[in-house]
Amino acid sequence: SQAVCIDAHPMGLSRSLPPFRHSLVEACGSYVDIGSASAAAASATLNELKLHVVLNLNGWSGEDRSDVLALRVAPVQVNLLGYAGPGGGHFVDALLSDAVSSPPDMRQFYSE
């Protein structure tokens, strides 16, 4: 297995400094840009990759592509970092967070 970095932001890495952009692309096993693609086109592209797990680093950050996750592009879909609260969609299976950002006594309010 290898890591596939998926750039889902419309401006993508174009707003990053060239050394950072180059390092990130080089560190990935594969790099796929779906930033300007429709949800259906992005989903088709990602389905071709036969992904096992998707880690969504944006969560509900305002720049997310939950529309793509809703089309179930991987058997396991996880929100990480970008938004520590519940996603509210039943298309995300888990949330990686901590007890400060996502207090255990609030678990009943999470859909993940």
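## Salt bridges

Arginine 65 and aspartate 67 join their side chains in a salt bridge, with N to O at 3.1 Å. The term covers a side-chain nitrogen of Lys or Arg within 4 Å of a carboxyl oxygen of Asp or Glu. Arginine 65 is buried, at a relative accessible area of 13%. Aspartate 67 is partly exposed, at 39%. Here buried means under 20% relative accessible area, exposed means over 50%, and partly exposed lies in between (1.4 Å probe, protein chains only).

The structure holds 2 salt bridges. Aspartate 93 pairs with arginine 72, and their closest N and O atoms are 2.6 Å apart. This pair links distant parts of the chain, 21 residues apart. Aspartate 93 sits in the loop between β4 and β5 (94-96), and arginine 72 in the loop between α3 (66-69) and β4. Aspartate 93 is partly exposed, at 36% relative accessibility. Arginine 72 is partly exposed as well, at 33%.

## Model and confidence

This is a predicted model: local features need pLDDT of at least 70, side-chain atom pairs count only at pLDDT 80 or more, and totals for chains, interfaces and linings use all residues. Residues are numbered from 1 along each chain as its sequence is written, and side-chain values use heavy atoms, with hydrogens and water left out.

The pLDDT score is the predictor's confidence in each residue, from 0 to 100. The chain averages 83, and 85% of the residues score at least 70. Confidence is lowest in helix α1 (residues 18-27), at a mean of 76. Confidence is highest in helix α2 (residues 39-48), at 96.

## Fold

The chain has 3 helices and 5 strands. These are DSSP runs numbered from the N terminus: helices are H or I of at least four residues, strands are E of at least two. Along the sequence the order is β-α-β-α-β-α-β-β.

Contacts are counted when heavy atoms lie within 4.5 Å. Among contacts between residues at least 6 apart in sequence, 45% join residues at least 24 apart. Of the 112 residues, 34% count as buried.

## Surface

The accessible surface of the chain comes to about 6900 Å². Carbon and sulfur atoms hold 60% of that surface. Areas come from the Shrake-Rupley method with a 1.4 Å probe; for residues, only the protein chains shown count as cover.

Val53, Leu55, Leu57, Val76 and Leu96 form a nonpolar surface patch. Together they have about 430 Å² of accessible area. Patches take residues with over 30% relative accessible area and no salt bridge; like charges are joined within 9 Å, nonpolar side chains (Val, Leu, Ile, Met, Phe, Trp, Tyr) within 5 Å. Valine 76 lies in strand β4 (residues 76-80). Valine 76 is partly exposed, with a relative accessible area of 35%.

## Positive phi angles

Lysine 50 has a phi near 50°, a positive value in a residue other than glycine. Lysine 50 belongs to the loop between α2 and β3 (53-56). At 65% relative accessibility, lysine 50 is exposed.

Arginine 72 also has a positive phi, near 55°, and is not a glycine either. Its loop runs between α3 and β4.
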